[in-house]
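User: I am new to reading protein models. Can you take me through this one, feature by feature?

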Amino acid sequence: MEYSSQLEMKTEEQARTARQLRQVNEKLTQISVQKDAFLSQISHELRTPMTSIRAFSEILRDGGEMPPEGQRRYASIIHDEAIRLTRLLDDLLDLSVLENAQIVLSLQDGQLGPLLDRAAVAAGLTEGGMEMRRDPEAERVWLHTDTDRLAQVFINLMSNARKYCDADAPRLDIRVAESDGQLHVDFIDNGSGIPASQQGTVFEKFSRVSETKAGGAGLGLAICREIMARLGGGIDYLPGQAGGAFRVYLPVGRGAAAEAAQ
Ligand code: ADP
């Protein structure tokens with residue numbers, strides 16, 4: 001090979017390596033920025049309950065004589081905030097485990113109907129007058145998946161439906177369908193739903209649409225998304241419905257979840 005073409009190849013190779021290094025560098029900067037943003041969001045989320053706990057415990061400690069009713073009220077705020085902190089830490093830990101691929105799925109055969117029943121009880125839907133309309137199809141569907149993880153997704157969606165549905169006549173519809181080897185389970189409540197501009201971002205960490213209600217940290221749907229990806233399926237917002245509407249989908253048939261977990 002001629003010296004000039006050897007030189008050309010070398011320069012090309014160097015240019016390619018420089019390009020690759022630049023790309024790696026850009027990626028690392030991007031990861032570092034995301035990590036900083038995540039840490040600052042976490043500290044913000046932790047600081048809010050910590051501040052209440054500190055302030056109310058100081059009042060109890062230094063406030064002198066106080067009627068028992070006032071004491072109980074402050075103690076109960078401290079208790080609620082401690083529970084909020086615990087839930088936040090549990091969610092962060094769960095998300096970190098899911099994102100870092102450390103989970104081992106425990107696959108079992110299970111029926112969709114009883115799984116939905118179990119989730120409804122855990123989400124508190126069986127108390128409080130929520131009307132639940134469920135597709136009879138759910139009773140016929142069998143699954144081979146990590147039923148505990150799937151139940152966790154259902155519980156999350158049902159708890160949200162409970163928080164955000166119409167307060168006067170709460171209702172949740174659960175629709176089930178099978179198409180092209182996928183099972184769809186839709187959760188449609190009669191609340192005000194999520195505005196179109198935010199439907200795309202609602203599965204991101206710390207994403208919250210309404211600050212007024214319920215006070216979650218906005219991690220629940222991010223956890224649902226990770227779990228469904230692990231189970232070989234997914235979760236989407238269903239646009240065009242009157243209330244909050246989410247679709248969980250999952251491959252049906254033996255081995256589908258196992259393949260997804262590889
Ligand atoms: P959170 O713990 O804050 O409820 P999620 O990740 O579960 O976190 O939900 C993110 C945000 O999406 C909520 O803060 C809420 O604003 C909105 N959201 C979730 N489910 C519904 C629903 N069924 N109807 C209306 N808004 C909802």
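Predicted model: local features only at pLDDT ≥ 70, side-chain atom pairs only at ≥ 80, totals over all residues.

User: How do I read burial, and what share of the residues in the chain is buried?

Analyst: Buried means under 20% relative accessible area, and exposed means over 50%. Of the 262 residues in the chain, 34% are buried. Now take α6. Eight of its 11 residues are buried, so α6 is largely enclosed by the rest of the structure.

User: Now a surface feature. Which residues make the nonpolar patch?

Analyst: First, the helix idea. An α-helix has 3.6 residues a turn, so residues three or four places apart point the same way. Here, Val 24, Leu 28 and Ile 31 make a nonpolar surface patch of about 270 Å². Ile 31 sits in helix α1, which covers residues 3-62. Ile 31 counts as partly exposed because its relative accessibility is 41%.

User: How should I read a salt bridge, and how many are there?

Analyst: Side chains of opposite charge can pair when their charged atoms come close. The cut-off is a side-chain nitrogen of Lys or Arg within 4 Å of a carboxyl oxygen of Asp or Glu. By this rule the count is 14 salt bridges. One of them joins Arg 61 to Asp 62, with the closest N and O atoms 2.8 Å apart. Arg 61 is exposed, at 62% relative accessible area. Asp 62 is exposed too, at 51%.

User: What are the partners of Asp 173?

Analyst: Asp 173 forms a salt bridge with Arg 133, the closest N and O atoms being 2.7 Å apart. Asp 173 lies in strand β4 and Arg 133 in strand β2, so the pair ties together parts that are 40 residues apart in sequence. Asp 173 also forms a salt bridge with Arg 175, at 3.9 Å between the closest N and O atoms. Check burial as well. Asp 173 is buried, at 9% relative accessible area. Arg 133 is partly exposed at 38%, and Arg 175 is partly exposed at 40%.

User: Last, backbone angles. Which residues other than glycine have a positive phi?

Analyst: Asp 180 has a positive phi of about 50°. Asp 180 is in the loop between β4 and β5. Phe 206 also has a positive phi, near 65°. Phe 206 lies in the loop between α5 and α6.

User: Are Asp 180 and Phe 206 buried or exposed?

Analyst: Asp 180 is exposed, with a relative accessible area of 80%. Phe 206 is buried, at 9%.

Note on methods. Residues numbered from 1 in each chain as written. Heavy atoms only, no water. Patch = residues over 30% accessible without salt bridge, like charges linked within 9 Å, V, L, I, M, F, W, Y side chains within 5 Å. Areas by Shrake-Rupley, 256 points an atom, 1.4 Å probe, with all protein chains shown as cover. Helix = DSSP H or I, 4+ residues; strand = E, 2+ residues; numbered from the N terminus. Buried < 20%, exposed > 50% of the residue type's maximum accessible area, 1.4 Å probe, protein only.
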